[in-house]
Amino acid sequence: HKWQELDAFGTWSPIASRPWQNQRVWDATGCCNDKTNRFFVLMRALLGWQDQPTPIEFFAWAIYWIISLTIGFFMVRHAKRTIASKLARLQAEMDANPIQGAAQIESGAVEPA
């Protein structure tokens with residue numbers, strides 16, 4: 001939004017002479033004002049809510065969330081695979097040496113499966 005106000009994407013002021021990329025997509029100030037309604041102030045801070053977004057803001061927001069969710073998905077998948085491989089390795093060690101594995105469980109070093 002600040003880049004738009006600096007005319008980086010075309011004229012910002014006056015409103016009548018704004019190009020398409022700086023025109024409002026919708027106006028939700030009546031119910032969802034991000035400056036006066038405390039809930040939407042919080043949503044703006046946490047999620048980037050805009051009550052009067054422009055196409056540039058809308059597409060930037062959508063691309064941000066697509067990238068963020070994709071990275072989050074791969075991080076969770078990697079963590080699950082890492083945990084599963086560590087559990088499988090631990091189980092294999094316990095199967096190979098059941099006495100030592102039982103001692104580890106009894107001492108609290110390892111939780112039982």
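Trainee: What share of the contacts with a separation of 6 or more comes from residues 24 or more positions apart in the protein chain?

Mentor: A contact means heavy atoms within 4.5 Å. In this chain, residues 24 or more positions apart make up 33% of the contacts with a separation of 6 or more. Keep in mind that this is a predicted model, where local features need pLDDT of at least 70, side-chain atom pairs count only at pLDDT 80 or more, and totals for chains, interfaces and linings use all residues. Residues are numbered from 1 along each chain as its sequence is written, and side-chain values use heavy atoms, with hydrogens and water left out.

Trainee: How many helices and strands does the protein chain have?

Mentor: Helices (H or I, at least four residues) and strands (E, at least two) are DSSP runs, numbered from the N terminus. Here you get five helices and zero strands, so the pattern reads α-α-α-α-α.

Trainee: And what sits at the two ends of helix 3?

Mentor: At its start, a side-chain oxygen of Asn37 comes to within 3.0 Å of the backbone nitrogen of Phe39. After helix 3 comes Gly48, with a positive phi near 85°.

Trainee: Is Gln50 buried or exposed?

Mentor: Buried means under 20% relative accessible area, exposed over 50%, and partly exposed in between (1.4 Å probe, protein chains only). Gln50 has 17%, so Gln50 is buried. Gln50 lies in the loop between helix 3 (38-47) and helix 4 (55-96). Leaving out residues up to four places away in sequence, Gln50 touches Trp26, Asp34, Arg44 and Glu57. Across the 113 residues of the chain, 18% count as buried.

Notes. Polar contact = N/O pair within 3.5 Å; in protein donor to acceptor, adjacent residues only side chain to side chain.
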